[in-house]
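Please keep the sequence and the coordinates in view while reading.

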Amino acid sequence: MKTTFHEENGKYIATLEGRLDTVTADQTAKDLSPLNDCTGHDIIIDCTNLEYISSSGLRILLNIRKNASAVGSKVPS
């Protein structure tokens, strides 16, 4: 599982590559934790190169969305 970040036009973009499963979920959650501090920004999660996502991975993405709303950011659908 590979996670990369960059900022573009005021949006934070996280790109996920590989398998987001039970084995990689803990590390991926740690890797994505900076997104919880993106106050007032759009957060884009690019899953184009994600081969597989388990329920553990979905939970991570849902938590990012929930935390974003709490700090005035948004994760567009």
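In which order do the three strands form the open sheet? The order is β1-β2-β3, and the pairing is mixed. Before the details, some conventions apply: this is a predicted model, in which local features need pLDDT of at least 70 and side-chain atom pairs count only at pLDDT 80 or more, while totals for chains, interfaces and linings use all residues. Residues are numbered from 1 along each chain as its sequence is written, and side-chain values use heavy atoms, with hydrogens and water left out.

The secondary structure of the protein chain consists of two helices and three strands, where helices (H or I, at least four residues) and strands (E, at least two) are DSSP runs numbered from the N terminus. Along the sequence, these elements follow the pattern β-β-α-β-α.

Strands of a sheet pair through backbone hydrogen bonds, either parallel or antiparallel. Here two strands are said to pair if DSSP finds at least two bridges between them. Strand β1 (residues 2-8) is antiparallel to β2, with seven bridges. Among the bridged residues, Thr3 has Leu16 of β2 as its partner, and Glu8 has Lys11 of β2. The two strands form a hairpin with two residues between them, and Asn9 in the turn has a positive phi of about 55 degrees.

β2 and β3, by contrast, pair in the parallel sense over nine bridges. Tyr12 is bridged to Ile43 in β3, and Glu17 stands opposite Asn49 in β3. To get from β2 to β3 the chain passes through α1, and this β-α-β crossover is right-handed; that is, with the strands pointing away from the viewer, the path from the first strand over the helix to the second runs clockwise.

In the sheet as a whole, the order is β1-β2-β3. β1 and β3 are at the edges with a single partner strand each, so one side of each is left without a neighbour in the sheet. From one strand to the next, the twist averages 15 degrees; axes are lines fitted to C-alpha atoms, for helices over the stretch in contact, and angles run from 0 to 180 degrees between N-to-C directions.

Both helices are placed against this sheet. α1 lies across β1 and β2, running at about 170 degrees to β2. α2 packs on the sheet and touches β2 and β3, its direction making about 175 degrees with that of β3. Contact means heavy atoms within 4.5 Å.

What lies in the largest nonpolar core? A nonpolar core is a set of buried (under 20% relative accessible area, 1.4 Å probe, protein chains only) Ala, Val, Leu, Ile, Met, Phe, Trp, Tyr and Cys residues joined through side-chain atoms within 4.5 Å. The largest has 15 residues, of which Leu16, Leu32, Leu35, Ile43, Ile45 and Ile64 touch the most other members. β2 (11-20), α1 (22-32), β3 (42-53) and α2 (55-70) each supply at least two residues of this core, and α2 gives the most, with four. Setting aside residues up to four places away in sequence, Ile43 touches Tyr12, Leu35, Cys38, Ala68, Ser73, Lys74, Val75 and Pro76.

Finally, 34% of the 77 residues in the protein chain are buried.

Terms used: Buried < 20%, exposed > 50% of the residue type's maximum accessible area, 1.4 Å probe, protein only.
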